[in-house]
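Me: I have a new structure open and would like to learn how to read it. Could you walk me through it, step by step?

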Amino acid sequence: MSAITTWKTLIEALEHEISLLTRLRDLARAGRRPLVELDVGAVEQWTNRQRELLSALANAGSERARAQRECLPVQVRGVGGSGPLASTVTLHALAGRAPGQFGLRLRQQGDALRQLRDEIALVTTRNEVLIKQVVEFTDHFGKGLADSQREDSYDARGKLADMAASGDLYSRAI
């Protein structure tokens, strides 16, 4: 494989990984609605799509690692392409070694990867907070129902029987 082809292969692998990460970020953002609405079916579908994307990302990461190793000089790769140096070379270091326009493109892609990583971390943290609130609300609601002594029926005078309070409203805010 020629040197230019190996750099193009790395750039294509990074483009694929960036597109998958963009889809993951968008999917993570879309998860807010079903979590807030407690739509169990939509949350299950969202989780399955997320699992599929994460699997595709793992494969894309392997492809990128293979493409990165191919961009290294043969003596650095080691036997079978998995030498100790090959496993520690960063994308930033490769961009510095890449010829002209390939180096610039690799730096841009590295910046895009960092930005997507940060966005995904932020959205995922927000979703974790929502999930925790859903679990706390469900627990509180279930305990309230189990502890309720209120009898929702009418007495002989046509008044609603109210023997005991049914519990406080859930007051945990975001």
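**Reading the fold, piece by piece**

Reply: Gladly! Along the sequence, the pattern runs α-α-α-α-α-α. Keep in mind that this is a predicted model.

Me: How many helices and how many strands does the chain have?

Reply: The chain has 6 helices and 0 strands. Of its 174 residues, 29% are buried.

Me: How should I read the way two helices pack? At what angle do α1 and α6 meet?

Reply: Look at the angle between the axes, and then at the distance. Helix α1 (residues 3–30) packs against α6 at about 20 degrees, and the two axes are 9 Å apart. Angles under 35 degrees count as roughly parallel, so α1 and α6 are roughly parallel to each other. The crossing of α1 past α6 is left-handed. As for the residues of this contact, 16 are nonpolar, 3 are polar and 7 are charged.

Me: What should I expect of nonpolar side chains in general?

Reply: In soluble globular proteins, they tend to be buried together. Here, the largest nonpolar core has 28 residues. Trp 7, Leu 10, Leu 21 and Leu 106 are the ones that touch the most other members.

Me: Which elements give two or more residues to this core?

Reply: Those elements are α1, α3, α5 (91–97) and α6. The largest share, 10 residues, is from α1.

Me: Now for aromatic rings. How many aromatic pairs does a search of the whole structure find?

Reply: The search finds 1 aromatic pair. Its partners are Phe 137 and Phe 141, with 5.8 Å from centre to centre and 15 degrees between the planes. Planes under 30 degrees apart count as stacked, so this pair is stacked.

Me: Where do Phe 137 and Phe 141 sit along their helix?

Reply: Both belong to helix α6 (residues 100–147), and because they are 4 residues apart there, about one helical turn separates them.

Me: Let's finish with a single residue. Where is Ala 65 found?

Reply: Ala 65 is in helix α3 (residues 40–71). Its relative accessible area is 29%, which means that Ala 65 is partly exposed. Sequence and space can also be read side by side: Ala 65 and Leu 14 are 51 residues apart along the chain, and their C-alpha atoms are separated by 9.8 Å.

Terms used
Residues numbered from 1 in each chain as written. Predicted model: local features only at pLDDT ≥ 70, side-chain atom pairs only at ≥ 80, totals over all residues. Heavy atoms only, no water. Buried < 20%, exposed > 50% of the residue type's maximum accessible area, 1.4 Å probe, protein only. Phe/Tyr/Trp six-rings, centres within 6.5 Å; stacked < 30°, edge-to-face > 60°. Axes fitted to C-alpha atoms, helices over the stretch in contact; angles between N-to-C directions. Parallel < 35°, antiparallel > 145°, perpendicular 65-115°, else oblique. Left-handed = near helix turned anticlockwise from the far one by under 90°. Nonpolar A, V, L, I, M, F, W, Y, C, P; charged D, E, K, R; others polar. Core = buried A, V, L, I, M, F, W, Y, C linked by side-chain atoms within 4.5 Å.
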